[in-house]
Structure formats: structure tokens, C-alpha cells
Amino acid sequence: MKTITSTEDLAAFCSEAATAPYVTVDTEFLRERTYYSKLCLIQLAYPGQGDENAVLVDPLAGELSLEPLLELFRNTNVVKVFHAARQDLEIFFIDHGVIPDPLFDTQVAAMVCGFGEQVGYETLVKRIAKQGLDKSSRFTDWSRRPLTDAQKKYALADVTHLRVIYEYLAAELERTGRARWVAEELGVLTDPETYITRPQDAWQRVKTRSSSPRFLAIVRELAAFREDYAQSRNIPRNRVFKDDALTELASTKPVTMEDLGRSRLLLREARKGPIADGILAAIKAGMECPKDALPKPDTSKDQLQVNPALADLLRVLLKARTEASGVAARLIAPAADLDAMAAGQRDVKALTGWRREVFGEDALRLCEGRIGLAVKGRDVEVIEI
């Protein structure tokens with residue numbers, strides 16, 4: 001098992017990989033104590049057998065530059081293959097401003113090819129590569145050096161078996177004509193906006209029971225302060241204060257340090273110093289926010305007049321289409337899309353792209369009363385009306 005610790009060796013490997021049709025990629029990182037992921041190890045492999053043409057890259061080696069790898073990521077002649085790529089891509093985008101192109105995600109491809117929803121790598125290794133995985137090193141501290149042989153073996157397996165999985169799924173997509181389905185799904189992963197977290201938008205991820213605009217204004221200011229504080233100091237946002245404390249503060253609206261000290265849920269460290277100052281300033285800003293700048297809660301879902309019988313019929317149709325196509329039901333149309341369609345809405349993902357071909361077109365015809373459903377044996381059939 002070769003571990004690369006110099007830029008020269010990395011450049012040599014990437015030069016060889018640049019002549020291959022694809023390279024498989026994985027990373028090991030830590031994020032428990034930081035806001036941003038700390039990259040600890042990179043695994044790379046191009047076509048070969050076993051450990052052949054596979055290496056570990058140690059980004060913690062002091063003199064190592066990742067520029068040769070970034071150049072390979074920009075090389076559009078080589079497909080970059082990941083499994084469940086989102087967190088890996090976030091690291092390379094945040095640290096280096098690069099998103100590998102072209103990209104292939106075996107988890108996405110597996111869902112399209114009938115392996116179920118968000119299928120794990122271990123499952124694909126067993127079902128496609130016919131191998132087992134030793135997962136004992138999965139939750140080890142990847143920042144500690146030296147790495148053990150067990151860690152290295154575990155890490156390398158994440159890219160060596162991936163070669164077999166990729167080749168199988170790529171062939172299956174070619175056979176079924178579904179390659180463009182995967183390309184559509186990868187649009188989110190290759191969009192830089194996916195990896196940008198703006199403090200002013202952080203409040204939209206906080207679950208609240210109140211939809212009062214003034215309450216939401218305070219939540220917005222508190223969430224923005226927390227996100228900015230966590231980003232600037234590279235600490236987890238929950239280390240500043242947790243969501244339950246945030247909503248408590250938005251309800252109680254403390255205005256002094258003494259008021260803040262009465263909070264039941266606020267961490268001790270947040271009751272003084274810059275965090276406490278930031279909390280009080282955020283609450284003040286939310287309280288003084290002009291009426292025309294208050295957040296407007298999304299009440300569209302509350303106003304949906306769902307036809308329950310039609311929603312049930314759509315679920316039956318979806319189940320039939322899922323069984324016929326082998327694609328996971330939630331990937332085609334989540335329950336929210338079905339309810340929205342049953343309420344008359346048409347601006348849903350299930351009615352776009354490949355989903356429209358598999359399910360959406362018949363779903364529209366069902367909603368408009370142009371088709372019905374009938375049971376024949378164990379199958380559901382569409383009947384023209």
C-alpha cells in the first residue's frame with residue numbers, strides 16, 4: 001500500500017491517471033470539533049486489479065501540494081468516480097474552489113439502477129464486487145499519525161472495489177439508456193451553491209413552532225450570528241448554541257446579561273463574552289426590524305387542499321411505476337410531491353426531466369381524469385378513459 005507524501009510523487013501518479021478513462025476517489029476527514037471538514041486522507045485508484053494503481057495521499061504531510069490532483073479534477077477526459085460524493089466535494093470546493101468534472105456518483109447511479117434508496121457502499125461491494133469489507137477502522141481518528149495497516153487497508157478498499165462498482169453501473173446505465181437520468185441528478189452536486197452556507201439564510205434550517213414574523217425575525221438574526229461566529233472561528237455551530245436554545249431565546253427575548261443568565265438551555269460559555277454580546281445584539285436587531293423587512297413564513301403547505309382519494313391513487317400509480325422501473329419510489333416522487341399534485345400544484349420535481357417520463361406524465365393524466373387504474377392479478381394497469 002503506497003502512501004504519497006510529496007508533490008512530486010502525487011504529480012507522477014496523477015500523470016498516469018490522466019491517461020485512464022476514470023479515477024475513483026474517496027476521502028477520510030474529521031468534523032466533530034470544527035465547522036469545516038479537516039481533510040486527513042485521500043484515496044485514489046484507476047483501472048487495475050486489487051491494490052494495483054491505487055494509492056493513499058496524505059494531505060497532512062507538510063510539503064505536499066494538492067495541485068496535481070486538482071489539475072486531474074479539472075481534466076474533462078477523466079471521469080471522477082465517488083460514492084455519496086457530497087461531503088467529499090464540499091471539502092475540495094471549500095478548500096480549493098474546485099468541483100471535479102466530469103463526475104459520477106455510484107450512490108446516485110445505484111438508486112437509478114434499482115438498488116434502493118441511498119444504498120450504502122458496503123452493500124454495493126457485497127452485491128456487485130462480491131467482496132466483504134472490514135469496517136472496524138471506520139470511526140478511527142484519521143488525523144493521527146502514523147496510520148495503522150488496518151486503517152490503510154480499510155481506506156484503500158474504498159476506491160479499489162469502487163472500480164468494479166463503477167464499471168458495472170456505467171454498463172447498466174448504458175444498457176438501459178438511463179445515463180442522462182444520473183446526469184440530471186448530479187446537477188445539484190456539481191452546483192457550487194450546494195456548498196455555500198450564507199449566514200443570512202441559516203434561519204430557514206431552524207425548526208420552529210411559531211410562524212410569527214417578529215419571532216422569525218429574531219430567529220433569523222440569532223441564526224445568522226451563530227453561523228457567522230462558527231464560520232469565523234471554525235467551530236461547530238452547536239458549540240455556539242443549539243437550536244433549542246436559539247428558539248428559547250427568540251421566545252424570551254432577553255435584553256440584559258442578567259436576563260440571559262436565566263436561560264435554561266444556553267451553554268455556560270454563551271452567557272458571557274462575545275457570544276453573549278452577539279446574542280443580545282441579534283435579539284435587539286430582530287426586535288427593531290422594520291415591518292416591511294420581516295420574514296414571511298411559507299404557508300403554502302398549510303393552504304394545500306389535498307384530495308385524499310387522488311393522493312392515494314397517485315401512491316398506487318407510483319408503486320406500480322417503481323416496480324416496473326426498479327427505481328426507488330422516494331427518488332421518483334416523495335410524499336410531499338404527491339400531496340402537492342393532489343392539491344392541484346404542478347411545480348414539483350416529479351413532473352420534470354426523467355421523472356416525468358417514468359411517472360409524471362401518467363400522474364398528470366390521472367389527476368385530469370384521463371386514465372384510471374385497474375388491478376390485474378398482482379399488477380396495476382393503466383386504463384384509458
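Begin at the second largest pocket, whose volume is about 600 Å³. The model in the viewer is predicted. To centre the view, select Val108, Met111, Gln118, Glu185 and Leu331, which lie nearest the centre of this pocket among its 25 lining residues.

Next, colour the helices around the second largest pocket. Helix H4 (106-112), helix H7 (179-185), helix H13 (329-332) and helix H15 (353-367) each contribute at least two residues to its lining. Then colour by domain: domain 1 (1-193) and domain 3 (299-382) each provide at least three residues of this lining. Coloured by residue class, the lining of the second largest pocket shows eleven nonpolar, five polar and nine charged residues.

Now move to the largest pocket, with a volume of about 840 Å³. Select Glu28, Phe29, Gln87, Arg138 and Tyr154; of the 27 residues that line the largest pocket, these lie nearest its centre. The elements giving two or more residues to that lining are strand S2 (22-30), helix H3 (86-96), helix H5 (121-129) and helix H6 (149-176).

Which element gives the largest share of the lining of the largest pocket? Select S2, which supplies six residues.

Finish by colouring the lining of the largest pocket by residue class. Twelve of its residues are charged, nine are nonpolar and six are polar.

Technical notes: Residues are numbered from 1 along each chain as its sequence is written. This is a predicted model: local features need pLDDT of at least 70, side-chain atom pairs count only at pLDDT 80 or more; totals for chains, interfaces and linings use all residues. Side-chain values use heavy atoms; hydrogens and water are left out. On a 1 Å grid over the protein atoms alone, a cavity is a set of points where a 1.4 Å probe fits but cannot get out, and a pocket is an open set with protein on both sides within 12 Å along at least five of seven lines; lining residues have an atom within 4 Å of a point. Grid points are joined across faces, edges and corners, and a volume is the space filled by probe spheres set on the points. Helices (H or I, at least four residues) and strands (E, at least two) are DSSP runs, numbered from the N terminus. Ala, Val, Leu, Ile, Met, Phe, Trp, Tyr, Cys and Pro count as nonpolar, Asp, Glu, Lys and Arg as charged, and the others, Gly among them, as polar. Domain bounds come from an automatic or database domain assignment.
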